[in-house]
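Have the structure open as we go.

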Protein chains: 2
Amino acid sequence: MAQVTLRDIADHLSMSVSTISKALKGYADISKETRELILATAEEMNYIPNASAVNLRTKQTKTIGVIVPSTEHQFFSKVLSGIIDEAEKYGYLVIILQSNENYNTEKQQLQLLKQNRVDGILISLSNETHRFEHIEKLMKEDIALVLFDKTTKLLPCSKVAIDDRQAAYSAVECLLKKGYKRIAHFRGPHIPQLSIDRFLGYKQALIDYGIPFDPSLVYVCDNNDDFKDGYENARLLVQEHKDVDAIFTITDVVAVGVMKYFKDVKISIPDDIALFGFSNWFMASVVTPSLSTVDQPTFEMGKTAAKILFEEIKALKNKVKIEPREIILPTSLKIRESI
Amino acid sequence: MAQVTLRDIADHLSMSVSTISKALKGYADISKETRELILATAEEMNYIPNASAVNLRTKQTKTIGVIVPSTEHQFFSKVLSGIIDEAEKYGYLVIILQSNENYNTEKQQLQLLKQNRVDGILISLSNETHRFEHIEKLMKEDIALVLFDKTTKLLPCSKVAIDDRQAAYSAVECLLKKGYKRIAHFRGPHIPQLSIDRFLGYKQALIDYGIPFDPSLVYVCDNNDDFKDGYENARLLVQEHKDVDAIFTITDVVAVGVMKYFKDVKISIPDDIALFGFSNWFMASVVTPSLSTVDQPTFEMGKTAAKILFEEIKALKNKVKIEPREIILPTSLKIRESI
């Protein structure tokens with residue numbers, strides 16, 4: 001059965017399409033009786049208003065677009081859950097795209113969302129993105145925009161993130177206070193701001209506690225969502241630095257890779273080497289030994305980013321100028337068996 | 001800056017809107033020179049065709065909707081990744097909604113997707129859904145539909161899933177062949193077919209190997225994505241059945257909850273009790289001891305479901321009758337330290 005159209009209702013009632021259309025829109029020049037008859041018939045015939053037509057009329061699509069590096073990563077799947085949850089409250093649908101950490105894909109997806117006239121866009125930047133013309137262009141148009149998690153200092157738009165530098169500083173400071181002195185860092189790739197900030201927090205804590213910074217103790221994990229990088233770097237570290245007494249990793253997933261290697265070669269955590277992760281992934285409390293980590297709000301990050309976006313959408317609709325906001329969500333340390 | 005309209009281009013070139021519109025659609029009654037001038041100007045002015053208008057014209061929105069119980073669960077986030085990946089190949093956008101395992105939410109979301117005239121819908125049914133009028137209604141309309149993972153025998157539409165009964169049978173058979181005799185089952189809720197099928201597979205294996213089925217060894221986990229249910233049922237099991245030598249759980253997450261409880265009370269896996277999970281969640285190989293489990297294709301399930309959906313969308317567009325298909329994806333056992 002095809003979708004019921006205004007024409008079908010008109011034919012059924014022997015009325016004109018324009019009468020049906022006016023009645024459904026509640027125009028005053030249709031009598032109350034006629035309108036009620038038309039509404040009842042539309043309901044009976046299972047008529048559903050066409051959102052595309054409504055969109056053309058209202059200039060709003062009631063959809064937002066979200067671009068994330070990957071939906072698979074537990075962090076993003078929780079953020080997405082928060083976004084979808086909040087969108088539902090505002091009556092919005094959410095289109096989700098994954099950039100796979102690729103700049104060109106991200107750029108194309110932005111264009112696609114614009115073609116679909118979404119009312120607003122949320123982006124967590126890909127690791128490869130270090131040029132921002134595609135986003136600057138967007139900011140000049142009537143589309144609300146909020147960056148979250150992986151943001152950049154170079155764009156004056158609204159952002160929701162944590163203070164990665166401060167959070168990393170606290171984690172390393174905690175290790176230093178417990179007496180660890182040779183602390184390695186398994187960092188993320190060189191581009192994304194959060195990877196830079198966590199590294200800088202690590203470095204600053206060492207300096208503040210009088211420990212000379214040793215660049216050879218910093219290992220790069222190209223993919224910080226894959227425990228293989230943690231496993232492989234742990235293998236290298238053990239070969240190259242027998243004196244390391246603690247490792248601070250960019251994510252819990254990398255830490256789990258380290259754990260797996262240490263288990264394979266019977267290095268004991270925390271007796272031989274202590275381990276501190278980042279993100280408080282739900283597995284952190286379940287692995288053996290349980291993992292000390294930085295707790296960051298994920299579901300809440302999604303909700304907050306969506307909320308700000310809906311406020312900007314409303315402001316744009318009312319032709320009110322948007323003042324970009326930067327929201328820093330609080331983090332905390334979870335101290336467990338691994339240190 | 002507002003979006004550039006056909007009117008803006010027309011004013012800029014001192015031409016009529018209909019000339020601009022015809023040129024952009026490639027109509028033959030516009031001269032080549034004029035068309036090239038208009039295309040160049042549209043490009044220069046950063047004109048983006050309005051997808052809503054194109055949708056009204058083509059009667060296709062090039063979007064599909066997906067309803068899943070939750071985007072947070074690792075299983076669904078991987079399936080979604082497969083769906084989005086496949087959709088991109090076909091030039092489709094994906095709207096994602098979460099039913100939170102609630103029947104009424106699922107029903108409303110289906111209506112919302114219909115209003116937005118998506119070209120097709122993918123659903124993994126909520127645990128609460130045991131009436132199907134909302135889906136039957138959909139099947140009578142021109143919208144392609146494919147169920148995946150949590151499906152039902154009661155609807156004659158296309159489905160993509162695994163053979164849960166057979167997969168569970170194999171897991172329990174593996175335990176029986178290794179000599180385990182008192183095997184408990186931590187099952188899922190009573191409604192969803194996969195929960196029923198995994199239970200039936202467990203029961204059939206016992207019967208076939210001459211072990212009497214004991215209903216008191218079956219514990220229900222209301223939320224099979226939360227390790228708390230596994231933890232709590234493990235606690236009950238230890239109180240009620242000291243002779244149990246193995247547990248087969250509905251999911252790996254439940255198994256991890258069991259592990260956590262056993263760790264807390266110093267019950268050794270597999271020496272005291274063996275443990276067999278389901279889904280080969282990536283943590284299964286990393287936990288201590290590593291978890292024996294049923295491997296099921298997740299990313300591939302998403303890709304397959306999307307592929308069938310796009311074939312149905314094409315068939316509907318060409319007015320070809322759809323023959324519902326049921327695809328059963330293969331599973332395999334991963335035998336690790338926990339048995």
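Q: What should I know about the model before starting?
A: It's a predicted model, where local features need pLDDT of at least 70, side-chain atom pairs count only at pLDDT 80 or more, and totals for chains, interfaces and linings use all residues. Residues are numbered from 1 along each chain as its sequence is written, chains are lettered from A and ligands numbered from 1 in the order written, and side-chain values use heavy atoms, without hydrogens and water.

Q: In what order do the 4 strands of the open sheet in chain A run?
A: Strands are DSSP runs of E, at least two residues, numbered from the N terminus, and two of them pair if DSSP finds at least two bridges between them. Here the order is E7-E6-E8-E9 in chain A, with parallel pairing. E7 (218-220) and E9 (274-276) of chain A each have a single partner strand, so one side of each lacks a neighbour in the sheet.

Q: Which residue of E7(A) is the bridge partner of His185(A)?
A: That's Val218(A). E6 (residues 183-187) of chain A and E7(A) are joined by 3 bridges.

Q: Is Lys303(B) buried or exposed?
A: Buried means under 20% relative accessible area, exposed over 50%, partly exposed in between (1.4 Å probe, protein chains only). Lys303(B) has 18% relative accessibility, so it counts as buried.

Q: Which residues is Lys303(B) in contact with, leaving aside neighbours within four places in sequence?
A: Contact means heavy atoms within 4.5 Å. Lys303(B) has Gly82(B), Ile83(B), Asp85(B), Glu86(B) and Lys89(B) in contact.
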